[in-house]
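Dear colleague,

I am passing on the structure we spoke about, and below it you will find my notes on what turned up. Please read them alongside the model.

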Amino acid sequence: MSIRTLSSILGDMPEKEFPGIDARTPNAARIYNYFLGGKDNFGVDRAAAEVVLAMAPEVRVAAMENRAFLVRAVEYLAGDADVRQFVDIGSGIPAARPVHEVAQAIEPGARVVYVDNDPVVLVHSRALLGGRRGTAVVAGDARAPEAILDAPALTRLLDLDQPVAVVLIAVLHFVSGSDEPAEIVRRLLDRLPSGSHVVITHLSDGGVPDDPRIERSRALYNGGLHFRSRKRIEALFDGLDLVDPGVVGVGQWRGTAGGGVNGGGASWWLGGVGRKP
Ligand SMILES: C[S@@+](CC[C@H](N)C(=O)[O-])C[C@H]1O[C@@H](n2cnc3c(N)ncnc32)[C@H](O)[C@@H]1O
């Protein structure tokens, strides 16, 4: 992937210069890009990220483990599970080894639709991924799953009568309880045939819902970050067959022995893969 930074596309300019792009408020995709060592972020994002890292220095490694989970899950799906079509919702600013690169290394005909609701992510995704064989970039919101699956750019590329893997990596914790994340998963899978899969990672409360760092992190994201219990995260897979080893710390899912920062006691970034029977 060629290296272009947000500032080379947008300049480090205030919002009024670029309608829809707010360079003054910390942004989830850009903060995450900073955790991953990317350069596609502004000063406000770096400042917010540093507050998180001061509270929980392991977040940077955890973010990398989350990406490594994504790679292993897509390798499993394109390989053992024989899935050829992917919808990556909340795809974020493109990082190393995006879904299509991983899937097409195994199955060159694999097709991937990237979906996000953030204008910054869409600008960047179109600049970096636009025109790549077997890919499309769609503006869409996880809270409107039918609109995503009906988007013309998606239906042109994917055959929804054939199995699809829906990738929801590190996105459902931005969806509030009233927007019913489990319903979102169900509504997506309802439209897809047997053999379709969902891949989810989600921040958990680690069994310590009153950990003060949770509330402080939520405040940084204007309350828009929702740590859930293991039970609620497992419930996202209701009605699906869980692929081994089930819902585990992202570093433990078919990973190396030890499982990185999530490998020890409480796992607070959980992930799993479910298959529609
Ligand atoms: C932490 S990033 C994760 C990016 C990528 N999935 C990964 O794991 O590398 C979360 C992404 O979800 C997007 N997002 C948050 N809420 C969303 C929603 N309701 N619909 C679509 N995307 C959303 C954000 O814009 C951001 O790009």
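Around the ligand there are 23 residues, of which the closest are Ala29, Gly90, Gly92, Asp118 and Ala142; a residue is taken as near a molecule if its C-beta atom, placed from the backbone, lies within 6 Å of it. The elements that each give two or more residues to this shell are α2 (28–35) and α4 (59–78), where helices (H or I, at least four residues) and strands (E, at least two) are DSSP runs numbered from the N terminus. At least three residues of the shell come from each of domain 1 (13–55) and domain 2 (59–275), with bounds taken from an automatic or database domain assignment.

Please bear in mind that this is a predicted model, in which local features need pLDDT of at least 70, side-chain atom pairs count only at pLDDT 80 or more, and totals for chains, interfaces and linings use all residues. Residues are numbered from 1 along each chain as its sequence is written.

As for the chain as a whole, its secondary structure comes to eleven helices and eight strands, and 46% of its 277 residues count as buried, that is, with 20 or more other C-beta atoms within 10 Å of their own, again placed from the backbone.

Best wishes

Conventions. A residue is buried if 20 or more other C-beta atoms lie within 10 Å of its own, exposed if 12 or fewer, and partly exposed in between; C-beta atoms are placed from the backbone.
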